[in-house]
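Here are my notes on the model you sent over. Have it open while you go through the points.

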Amino acid sequence: MRENPARSCPNTNILYASYEFFEAMCSVSSCLDPVLYIVASEQFQRKLLALRRDRYKRMCCRASRRIGVIE
């Protein structure tokens, strides 16, 4: 189309819209890749698991069977 602008394809608008959409998707993917890499890392998952365990310890004390913060 750039070489011969006299020719026009009936699907030009659809092709342009799909090009713009996929270009935007590639940009979003480039931004999300580092975030997904961090979330998928083993160290992050260990920290998240430790945080969940900490939260559970504060909610329930198994020794005294009391609910509340462990002192």
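1. The aromatic pair count comes to one, taking rings of Phe, Tyr and Trp (its six-membered ring) with centres within 6.5 Å. The pair is phenylalanine 21 with phenylalanine 22, edge-to-face at 5.2 Å centre to centre and 75 degrees between the planes; planes under 30 degrees apart would be stacked, over 60 edge-to-face, the rest tilted. Phenylalanine 22 is exposed because its relative accessible area is 51%, while phenylalanine 21, at 46%, counts as partly exposed (buried is under 20%, exposed over 50%, partly exposed in between; 1.4 Å probe, protein chains only).

2. Keep in mind that this is a predicted model: local features need pLDDT of at least 70, side-chain atom pairs need 80 or more, and totals for chains, interfaces and linings use all residues. Numbering runs from 1 along each chain as its sequence is written, and side-chain values use heavy atoms, leaving out hydrogens and water.

3. How many disulfides are there? Zero, by the rule used here (a pair of cysteine sulfur atoms within 2.5 Å). Cysteine 26 is exposed at 53% relative accessible area, and cysteine 31 is exposed at 57%.

4. Have a look at the nonpolar surface patch, which includes Val28, Leu32, Tyr37, Phe44 and Leu51 and has about 940 Å² of accessible area together (Shrake-Rupley, 1.4 Å probe, only the protein chains shown as cover). Patch residues have over 30% relative accessible area and no salt bridge, with nonpolar side chains (Val, Leu, Ile, Met, Phe, Trp, Tyr) joined within 5 Å and like charges within 9 Å; a salt bridge is a Lys or Arg side-chain nitrogen within 4 Å of an Asp or Glu carboxyl oxygen.

5. Helix 1 (12-40) and helix 2 (42-59) each supply at least two patch residues, and helix 1 gives the most, seven (helices are DSSP runs of H or I, at least four residues, numbered from the N terminus). Tyrosine 37 sits in helix 1 and is exposed, at 66% relative accessibility.
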